[in-house]
Amino acid sequence: MIGAWGALGFWVLATLANVWLAKRFSHNRLVQLFIPALFGVTLLVLWEGIVRGLNVSPVILPPPSMIGARIASSLPMLWTDFNQTILKGALSGYLMGCGAAVAVAVAVDRSPFLQRGLLPVGNFVAALPIVGIAPILVMWFGFDWQSKAAVVVVMVFFPVLVNMVAGLKATDALQRDQMATWSASYWQGLVKLRLPAAMPFLFNGLKIATTLALIGAIVAEFFGSPTRGMGFRISTAVGQLDLPLVWAEIAVAALAGSAFYGLVALIEKGVTFWHPSQRGRA
Amino acid sequence: MKSVLPILTVLFALVLIWYGAAIGLNAQWTRDQAARAGVEVSFSDILSDTLSQARPKLPAPHQVAVELYQSTWDEEVNGRRGIVATGTLSNRSLIYHGWVTLSATMLGFAFGTGLGILLAVGIVHSKAMDMSFMPWAIASQTVPILAIAPMVIVVLASIGIKGLIPKAIIAAYLSFFPVLVGMVKGFRAPDTMQLDLLKTYNASRFGTFWRLRLPSSVPYLFASLKVGIAAALVGTIVGELPAGASAGLGARLLSGSYYGQTIQIWAALLAAAALAAGLVVIVGVIERIVLGRMGMRS
Amino acid sequence: MKDMSSPPVIEAKGIGLIFQTDDGPVEALKDISLAIGRGEFVSFIGPSGCGKTTFLRAIAALEHPTSGTLTVNGMSPEEARRSRAYGYVFQAAGLYPWRTIAGNVQLPLEIMGFSRAERAERVRKVLDLVDLGGFGKKFPWQLSGGMQQRASIARALAFDADILLMDEPFGALDEIVRDRLNEELLKLWNETGKTIGFVTHSIPEAVYLSTKIVVMSPRPGRIADVIESPLPRERPLDIRDSPEFLEIAHRVREGLRAGHAYD
């Protein structure tokens, strides 16, 4: 019980500290980082204190310290799973799917007719529960990473396609007239004007797709996989009620997801430095 | 409405590609069967066989359509276990499974949306809450939360919570974040001039919220509701995947994959797609009506 | 200075242009006949809807007249465009935010296939011409609105077309910046001897800049008056207080009012 009360006390103190900090120093960059960090730590302390203080069984919810210990002790296994699911399944599928989507968007670019048809259909498909095709693709491509990559390809394709098609249409009449006064060819207009102008839209799609890629790769493993991979490990560890291992995999997935997203956001910053949404931040 | 023809063209092209792929993917099996039987097969034989196999690699669209009809209308109206014969939905019909999925989705969606809006109100009015919580809310969208859905189901089952609730929890969780982030944006949509105007009227915080922030946030609300309801449905379906779930579209997917019933998988998939489309369309219609009444229709 | 012996650079004979809209056909231009000689500075002025921009766009082959004949350098506008006969400056600067100022100015040069060395040389020259010498490496969004519009003029000058078409280029700028840019534009015109077509709805601007003012009236767009300016080619800003200036301005105003009386 002491642990639980201690954690609650810490929570109250930390909240008061955050309220005070937010009031006094909200424009300090360090404080802007410190406040969410303290909030995160508070959640962990609360979690640890309540689980230990109330003797919650680790089968239901293991404390963070136990999860941390499990991560430390099974690094090689976590790396194997990461390699199988993220690098082989998600990343290769992501590259293929996004590449195909951009290629199709450019290919239909010359036909406004096809664009008018593709945009609503693509938007519609992007809202569908596409993960559902995972069992089919596992049947077609086998248990190994190829089927996971295939699921990822289908999942990322439509959001990226829709954004890219919208991006290629994003130039205004003035810019197109300009190109006309210079007698620019179609390809010159595409390369010099429309592709650069589409980049902010493209990266919107690419960022959404990072999360989808991880979801696709992990969920597809629930329908069959070799004896490694994050989805495989989660489903078997759940079966054995080895919850610390499940949480360890979740932590890795969360870190991988944030890192993947962060990487794409970083590239975006380099490519679309000129866009109003990027300019303010140095 | 001038995009109807292009859309139909694209859909027609998709169906054509589907048929082409079905012939291509299923032809191998036909040839293998023929070789085993020692007979020559002509192209027309392959054509007719590939489009009518019982367990094709890729069922043709009309096969899926027939399965959809049989497992909905036919099963309920003419079937021995259908609603006409027994008064309850047949557990072999997609209507029953769709209903199971839909009810969990709606329950979770309602909770997730409500919680998201409430928290957004708090965040807009408390700087400490904003600075503590928002970075995590945004970061959490980059995390493949959906992938842990089955674990939530199993763990909750181990402490005795089964059925609708665990799936609804996942659906709520998934619809919560888009709604939260969208509504924070929406409540902050009024610009400084509009806020300053209300300040000159000496409006209270509640007055400002009620008369300015809330109405301004409505377009954002509907945009995030559309994302949220689609996410809730995906969450429910993935929540139905772990072995043990016996009802719901996700369970149909899993059992289809377990028994190699490809036609059943595709039918369940299309039913899920139709459900998703229906939900998004309903939200869209409500959006048009509400925004139209408020004079905000674009 | 105007060379009356050579044929006109731009010649319109009985131009008509009808837009097909959802509400039926709209007659944007009706029976426009006009000749613009080499080295002239011609302003088009009139209320919105009078077709001044449409006419300028027709010269640039961005719109296509439905009747009459229009020649630029003795060619059709389409051919003139392909031979890069004119530079066009739009209402907004329309610079690409992902290119530096120098990169923007050399964009048409890239499209037209100039060599790298030639591009660098020309960019340097025109940036100096519009007083943006030190700003080549800046991005458009780091510059003020007036500087951006100057850069867009530099871009239109870069490939050295004989004709410069400007569609309310200073419309979005404040009065003080506008005065300065007007002065600089006159200087530029004097130095380069280009033929300029200039759309505006400011009377002082039109009178101050032009050798010829075309007053237009709306519905359908047509020419109400053509005024040959007696002002000298050298024009300090304070010429705007001279009686000659005020007299021309008065005549323009009368022309605009007459156009409105039609309604």
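**Entry 1: chain A, domains**

I began with chain A and found that 35 Å separate the centres of domain 1 and domain 2 of chain A, taken over C-alpha atoms. Domain 1 covers 2-56 and domain 2 covers 71-279; such bounds come from an automatic or database domain assignment. I note that this is a predicted model, in which local features need pLDDT of at least 70, side-chain atom pairs count only at pLDDT 80 or more, and totals for chains, interfaces and linings use all residues. Residues are numbered from 1 along each chain as its sequence is written, while chains are lettered from A and ligands numbered from 1 in the order in which they are written.

**Entry 2: chain A against chain C**

I looked up the contact between these chains and found 14 residues of chain A in contact with 18 residues of chain C; contact requires that the C-beta atoms of two residues, placed from the backbone, lie within 7 Å. On the chain A side, helix 8 (173-181) and helix 9 (186-221) are the elements that give two or more residues. Helices (H or I, at least four residues) and strands (E, at least two) are DSSP runs, numbered from the N terminus. Helix 8 of chain A gives the largest share of this side, six residues. The residues of the chain A side divide into six nonpolar, five polar and three charged. Here Ala, Val, Leu, Ile, Met, Phe, Trp, Tyr, Cys and Pro count as nonpolar, Asp, Glu, Lys and Arg as charged, and the others, Gly among them, as polar.

**Entry 3: helix pairs in chain B**

I examined helix 6 (residues 127-140) and helix 8 (residues 164-187) of chain B, which pack at an angle of about 130 degrees with their axes 10 Å apart. Axes are lines fitted to C-alpha atoms, for helices over the stretch in contact, and angles run from 0 to 180 degrees between N-to-C directions. The angle therefore makes helix 6 of chain B oblique to helix 8 of chain B; angles under 35 degrees count as roughly parallel, over 145 as roughly antiparallel, 65 to 115 as roughly perpendicular and the rest as oblique. Helix 6 of chain B passes helix 8 of chain B in a left-handed crossing (the near helix is turned anticlockwise from the far one by less than a right angle; clockwise is right-handed). Among the residues making the contact are B:Met134 and B:Ile138 of helix 6 and B:Phe177 and B:Leu180 of helix 8 of chain B.

I then turned to helix 5 (residues 94-125) and helix 10 (residues 205-239) of chain B, which pack at about 145 degrees with axes 9 Å apart. Their crossing is right-handed. This contact divides into eight nonpolar, nine polar and two charged residues.

**Entry 4: the sheet of chain C**

I found an open sheet of six strands in chain C, in the order 5-6-7-3-8-9, with mixed pairing. Strand 5 (86-89) and strand 9 are its edge strands, each pairing on one side only. The twist averages 15 degrees from one strand to the next.

Strand 8 (residues 212-217) and strand 9 (residues 222-228) of chain C pair in the antiparallel sense over six bridges; pairing requires at least two bridges found by DSSP. I noted that C:Ile213 has C:Ile227 as its bridge partner and that C:Val215 stands opposite C:Asp225. The two strands form a hairpin with four residues between them, and C:Arg219 in the turn has a positive phi of about 50 degrees.
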